[in-house]
Amino acid sequence: MFTITARSADDTRNLGAALAQFVCGGDMIMLTGDLGTGKTTFTQGLGRAMGVKGRVASPTFIIARVHKGNPDLVHVDAYRIKDLDDLETLDLDTALEESVLVVEWGEGKTESLSANRLEVTFKNPAAVDDLSENLEHADSNIREVTFNPVGPRWSGEDALEETLREAVEGAYA
């Protein structure tokens with residue numbers, strides 16, 4: 001597990017784009033974080049670098065969007081999914097076989113889809129319960145992005161951390 005600081009929305013997109021060189025059909029990426037922390041922004045960078053067709057936007061109201069490419073990118077919002085029955089109706093396990101599956105809000109709901117997944121958590125370090133303590137930085141674009149590779153699929157990706165760090169830290173060197 002490792003954490004990278006993204007200082008802007010462009011940094012967040014660059015992290016997604018850098019990840020694209022490591023993904024292939026059958027991969028599941030599970031994104032976790034509060035509203036507005038960069039989950040869709042990250043997916044936009046991933047989709048752009050994968051060369052998928054169409055604009056990558058939040059799938060909040062339609063639950064799942066398929067962006068055609070080679071492989072396809074299936075972008076899912078699991079926020080309103082309550083249980084495994086809801087999940088079954090989306091037939092995501094079939095999509096996962098040949099596509100890259102990106103699931104927002106999947107924590108505690110979609111882990112059973114794949115023992116091999118990349119869990120990515122987005123946190124706004126300036127967010128505090130009492131905003132009066134930190135008003136100056138409350139709407140900052142700075143995000144802490146934590147990557148947790150799970151399963152044997154990701155254990156051999158030794159260059160993953162280095163490549164992702166270079167994607168954002170190289171811009172500030």
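How many helices and strands does the protein have? The protein has six helices and seven strands, taken as DSSP runs (H or I of at least four residues for helices, E of at least two for strands) and numbered from the N terminus. This is a predicted model, in which local features need pLDDT of at least 70 and side-chain atom pairs count only at pLDDT 80 or more, while totals for chains, interfaces and linings use all residues. Residues are numbered from 1 along each chain as its sequence is written, and side-chain values use heavy atoms, with hydrogens and water left out.

**Overall layout**

- Along the sequence, the elements follow the pattern β-α-β-α-β-β-α-α-β-β-β-α-α.
- Of the 173 residues, 46% count as buried, meaning under 20% relative accessible area with a 1.4 Å probe and protein chains only.
- Taking contacts (heavy atoms within 4.5 Å) between residues at least 6 apart in sequence, 69% join residues at least 24 apart.

**Aromatic rings**

- The structure holds three aromatic pairs; rings of Phe, Tyr and Trp (its six-membered ring) pair if their centres lie within 6.5 Å, and planes under 30 degrees apart count as stacked, over 60 as edge-to-face and the rest as tilted.
- Phe2 and Phe147 are stacked because their ring centres are 5.3 Å apart and their planes lie at 20°.
- Phe2 belongs to strand β1 (residues 2-6) and Phe147 to strand β7 (residues 143-150), so this pair ties together parts that are 145 residues apart in sequence.
- Phe2 is buried at a relative accessible area of 8%, and Phe147 is buried at 0%.
- Phe147 also forms a tilted pair with Phe42, at 6.2 Å centre to centre and 50° between the planes.
- Because Phe42 sits in helix α2 (residues 39-50) and Phe147 in strand β7, that pair ties together parts 105 residues apart in sequence.
- Phe42 is buried too, as is Phe147.
- One aromatic cluster is formed by Phe2, Phe42, Phe122 and Phe147.

**A charge over a ring**

- The charged end of Arg153 sits over the ring of Trp154, 4.2 Å from its centre; the criterion is NZ of Lys or CZ of Arg within 6 Å of the ring centre and within 35 degrees of the ring normal.

**Helix packing**

- Helix α1 (residues 9-19) packs against helix α6 (residues 160-169) at an angle of about 145°, with axes 8 Å apart; axes are lines fitted to C-alpha atoms over the stretch in contact, and angles run from 0 to 180 degrees between N-to-C directions.
- On the α1 side the contact involves Asp11, Asn14, Leu15, Ala18 and Leu19, and on the α6 side Leu160, Thr163, Leu164, Ala167 and Val168.

How values were computed. Buried < 20%, exposed > 50% of the residue type's maximum accessible area, 1.4 Å probe, protein only.
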